[in-house]
Amino acid sequence: MLSYWLLFGSAFIAATIFPFYSEILLVTLLADGKNVALLWLFATAGNSLGAVVNWLLGKYFLRFQTKRWFPFKLDQLARYQAWFQKYGVWSLLLAWMPLGGDALTFIAGMMRVNFWVFFLLTAIGKGLRYAVVILLTLGVIHF
């Protein structure tokens, strides 16, 4: 059971502003023969809940945007915000992307997107991403 919780933790960290990749551990655990459904569930839950951290940061910590330690530059925020306004909440289905995905979840909080809409769309996108990683990995393992 520890393996699943480690995957949850790595997926959680990977969804925050820290650079981390949970797919490496996921592929390792798949190759080790762990339960596929549980791996998908723990990875998706961890990554989705990690995105909630970004949403909360966007909602409550925007007042610190002029500080040097703030994770996004002002011009980046403006670009992401314009993109988000153009494509709307449906863009949260792309929150799984390695580049810009974390920013999308942050911007969603900043723009006060309804939490449940945010969480549902983000979890769907992240769940689909992990499903694709799992299917591709299983295809390679069994090929």
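Met1 sits in the segment before helix 1 (2-15), where helices are DSSP runs of H or I with at least four residues, numbered from the N terminus. Met1 is exposed, with a relative accessible area of 59%; exposed means over 50%, buried means under 20%, and partly exposed lies in between (1.4 Å probe, protein chains only). Together with Leu2, Trp5 and Leu6, Met1 makes a nonpolar surface patch of about 490 Å². Such a patch joins nonpolar side chains (Val, Leu, Ile, Met, Phe, Trp, Tyr) within 5 Å, from residues with over 30% relative accessible area and no salt bridge.

A word on the model: it is predicted, so local features need pLDDT of at least 70 and side-chain atom pairs count only at pLDDT 80 or more, while totals for chains, interfaces and linings use all residues. Residues are numbered from 1 along each chain as its sequence is written, and side-chain values use heavy atoms, leaving out hydrogens and water.

Now to the charged pairs. Side chains of opposite charge can pair when their charged atoms come close. A salt bridge here is a side-chain nitrogen of Lys or Arg within 4 Å of a carboxyl oxygen of Asp or Glu, and the count by this rule comes to 2 salt bridges.

| Salt bridge | N to O distance |
|---|---|
| Arg129 and Glu23 | 3.2 Å |
| Lys34 and Asp32 | 3.9 Å |

The pair of Arg129 and Glu23 meets in a salt bridge, and this pair links distant parts of the chain: Arg129 is in helix 6 and Glu23 in helix 2 (residues 23-31), 106 residues apart. Arg129 counts as buried, at 14% relative accessibility. In the other pair, Lys34 is partly exposed at 27%, and Asp32 counts as exposed at 53%.

Gly46 belongs to helix 3 (residues 36-60) and is buried, with a relative accessible area of 0%.

Helix 4 (residues 74-87) has 14 residues and reaches 20 Å from its first C-alpha to its last, close to the 20 Å expected at 1.5 Å a residue; the expected span is 1.5 Å times one less than the number of residues. After helix 4 comes Gly88, whose phi is positive, near 75°.

Key. Helix = DSSP H or I, 4+ residues; strand = E, 2+ residues; numbered from the N terminus. Patch = residues over 30% accessible without salt bridge, like charges linked within 9 Å, V, L, I, M, F, W, Y side chains within 5 Å. Areas by Shrake-Rupley, 256 points an atom, 1.4 Å probe, with all protein chains shown as cover.
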